[in-house]
Amino acid sequence: MGTGHFFWVIFYFASLCSASLANNAKINFREKEKKVLDQILGAGKYDARIRPSGLNGTENLPTYVYVNMFLRSISKIDDYKMEYSVQLTFREQWTDERLKFDDIQGRLKYLTLTEANRVWMPDLFFSNEKEGHFHNIIMPNVYIRIFPNGSVLYSIRISLTLACPMNLKLYPLDRQICSLRMASYGWTTNDLVFLWKEGDPVQVVKNLHLPRFTLEKFLTDYCNSKTNTGEYSCLKVDLLFKREFSYYLIQIYIPCCMLVIVSWVSFWLDQGAVPARVSLGVTTLLTMATQTSGINASLPPVSYTKAIDVWTGVCLTFVFGALLEFALVNYASRSGSNKANMHKENMKKKRRDLEQASIDAASDLLDTDSNATFAMKPLVRHPGDPLALEKLRQCEVHMQAPKRPNCCKTWLSKFPTRSKRIDVISRITFPLVFALFNLVYWSTYLFRDEEDETF
């Protein structure tokens, strides 16, 4: 056997011995953890029903529980039910003097438990919770760490559906504040106080994505409540969500503008095209009504007027006004035709009367004596007549001061019928009024005072 081969054999046996010693050390270390757990949580040594003492073991001081959380996701924000769903890792930390143990010269950093009923737990609950559940795949997502100084860390992953009362007056140009409230159910502030952990008590996942909202900011605060049974400690997180407007611009505002503009096409059609103008007006009106009902179906029935209600209501009014404008044009067209026919009949009647008068005059002349003389009065006054001079002076004054022409009347005089004038005026009036409404609407809701929307 060579020297090299002998060296490798010795190295192999040394490795086996070191591995065996390491395994024995691990086994001994796990046995020491078991002994420590049995020592501090053994039967008759620890009672999970008794609240830990206060700071520095003081019995008359409350137990302080420090809370922090990690927001993993916000799945939905429901406007109709006024609720939102969130998944979070929730953590509580407090000190229990009864759970102190020897850390074996720093080797035993903490003990881990998965059964929450083994130690005392704060009776925290989420006051605005509607539904909630724990996560048990593959194992229950919960752990308890006990540190040598008696500090206890409780961590659990939960999913919650929480109530979020909303003010929809500015919908869909609104911001909503949704809260997450946590309070003690049975222990008053004399026994239990919840505090936010110092230094970033709430963390949010970096790639948080919401389909119709943006989480702008959040704020932690306290919300202690007083009842007839005492004062209870409470914590809250206010989440400020800004609604994404691009979705509503594409799905609501632009289609409504297009429907209003399409209804104005009726003003450019001939007044005699009754089927085309009626069908266009009725179609746009029904489409606008369907759009309005679809928007309201996704929102709760509230007692106040929303910003979207103002927009759809005015657009619906413009479409309805275009339909009424054609009714006015049709009425003016028929009344103008009747007046024209009556004028023609009157002219024919006058012509017939003049012809009959001429025939009667001619017959009278034939019957009179040819030697008869008639006293003829002068038809033209003498130039020196004062009345003639006054009329001449008035004519000169009118000739010297001509009337200023009215541009609107001059332009409207190009259109002979009243119905055509109504169409021409509507072509200008409707777009101008709608543009003015847009100016007022967007200046009101985009540059509004946001005092009610901030914390």
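**Aromatic contacts in a predicted model**

Phe434 counts as buried, with 7% relative accessibility, in this predicted model.

Me: How many residues apart in sequence are the parts that the pair of Phe318 and Phe430 ties together?
Reply: Phe318 is buried at a relative accessible area of 11%, and Phe430 counts as buried at 16%. Phe318 belongs to helix 4 (residues 307-367) and Phe430 to helix 7 (residues 418-446), so their pair joins parts whose separation in sequence is 112 residues.

Me: What is the geometry of the pair formed by Phe318 and Phe430, edge-to-face or stacked?
Reply: Planes under 30 degrees apart count as stacked and those over 60 as edge-to-face. The centres of Phe318 and Phe430 are 6.2 Å apart, and with 75° between the planes the pair is edge-to-face.

Me: How many aromatic pairs does the structure hold?
Reply: Ring pairs link a cluster whose members include Phe318, Phe430, Phe434 and Phe437, together with Trp311 and Tyr441. For the structure, the number of aromatic pairs is 25.

Me: Over the ring of which residue does the charged end of Arg427 sit?
Reply: Lys169 lies over the face of Tyr304, 5.8 Å from the ring centre. For Arg427, the charged end is 4.1 Å from the centre of the ring it sits over, that of Trp268.

Note on methods. Residues are numbered from 1 along each chain as its sequence is written. This is a predicted model: local features need pLDDT of at least 70, side-chain atom pairs count only at pLDDT 80 or more; totals for chains, interfaces and linings use all residues. Side-chain values use heavy atoms; hydrogens and water are left out. Rings of Phe, Tyr and Trp (its six-membered ring) pair if their centres lie within 6.5 Å; planes under 30 degrees apart count as stacked, over 60 as edge-to-face and the rest as tilted. Helices (H or I, at least four residues) and strands (E, at least two) are DSSP runs, numbered from the N terminus. Buried means under 20% relative accessible area, exposed over 50%, partly exposed in between (1.4 Å probe, protein chains only). A charge sits over a ring if NZ of Lys or CZ of Arg is within 6 Å of the ring centre and within 35 degrees of the ring normal.
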